Amino acid sequence: MNFEFMRTLHGFINFLQVLFGFAALFACSFIWRDTDLYFQFIYRGFGWQSVILAILFFTWIFALMVFLSNLFDKDVVGTIGKMKLLILYVICLACLIISASLESWYISRSGTTGKHPDHVYHPRFIAVTVFNWLLVVSYIVLILVTFFFV
């Protein structure tokens, strides 16, 4: 196991991405209503939520794969190359910007004065939006770190 990877800036940011991605997925998909707990894919009045969930899932899987590969001594940059890795990071960044923008829009729609007010979804949309934008910032920083220092 390569715990030295965790001490690098690239490793720390990648670890944060795995944590933020999981938190966003958890807040996005697990719903509690009274005593009911369920996994929700489709939200009435919030149709793009399924796309947001898919984007979060695939970017989280990508971050997890990069993290585990580097943790188990498989250098991702050396394996696929710096340019391909940067392209994959930019694709994840673009998808997360779309996801964060849609989720931000849903905050206004689910509020008390919105088109579909919902006291259960609204705090979740806020939490997912925060984690989405944290992921966007982390990918921007990771792209810069990879471009200049790796």
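This is a predicted model: local features need pLDDT of at least 70, side-chain atom pairs count only at pLDDT 80 or more; totals for chains, interfaces and linings use all residues.
## Charges

Let's start with charge: the chain carries 9 positive and 7 negative side chains, and the centres of the two sets sit 9 Å apart.

Residues are numbered from 1 along each chain as its sequence is written, and side-chain values use heavy atoms, with hydrogens and water left out.

## Overall layout

The C-alpha trace spans about 50 × 30 × 20 Å along its principal axes.

Of the chain's 150 residues, 42% count as buried. Buried means under 20% relative accessible area, exposed means over 50%, and partly exposed is in between (1.4 Å probe, protein chains only). Take contacts (heavy atoms within 4.5 Å) between residues at least 6 apart in sequence: 74% of them join residues at least 24 apart.

## A greasy patch

Which residues make the nonpolar surface patch? They are Phe22, Phe26, Phe30, Trp32, Leu37, Phe39, Phe41 and Ile42, and the patch covers about 820 Å². Helix H2 (9–29), strand E1 (30–33) and strand E2 (36–39) each give two or more residues to it.

A patch takes residues with over 30% relative accessible area and no salt bridge, joining like charges within 9 Å and nonpolar side chains (Val, Leu, Ile, Met, Phe, Trp, Tyr) within 5 Å. A salt bridge is a side-chain nitrogen of Lys or Arg within 4 Å of a carboxyl oxygen of Asp or Glu.

Arg124 lies in helix H6 (residues 121–149). Is Arg124 buried or exposed? Its relative accessibility is 17%, so Arg124 counts as buried.

Beyond its neighbours within four places in sequence, Arg124 is in contact with Ala27, Phe30, Ile31 and Trp32. Ile31 is 93 residues away along the chain, yet the two C-alpha atoms are separated by 8.6 Å. Phe30 lies in strand E1.

Key: Accessible areas come from the Shrake-Rupley method with a 1.4 Å probe; for residues, only the protein chains shown count as cover. Helices (H or I, at least four residues) and strands (E, at least two) are DSSP runs, numbered from the N terminus. Lys and Arg count as positive and Asp and Glu as negative; His and the chain ends are not counted. The place of a charge is taken as NZ of Lys, CZ of Arg, CG of Asp or CD of Glu.
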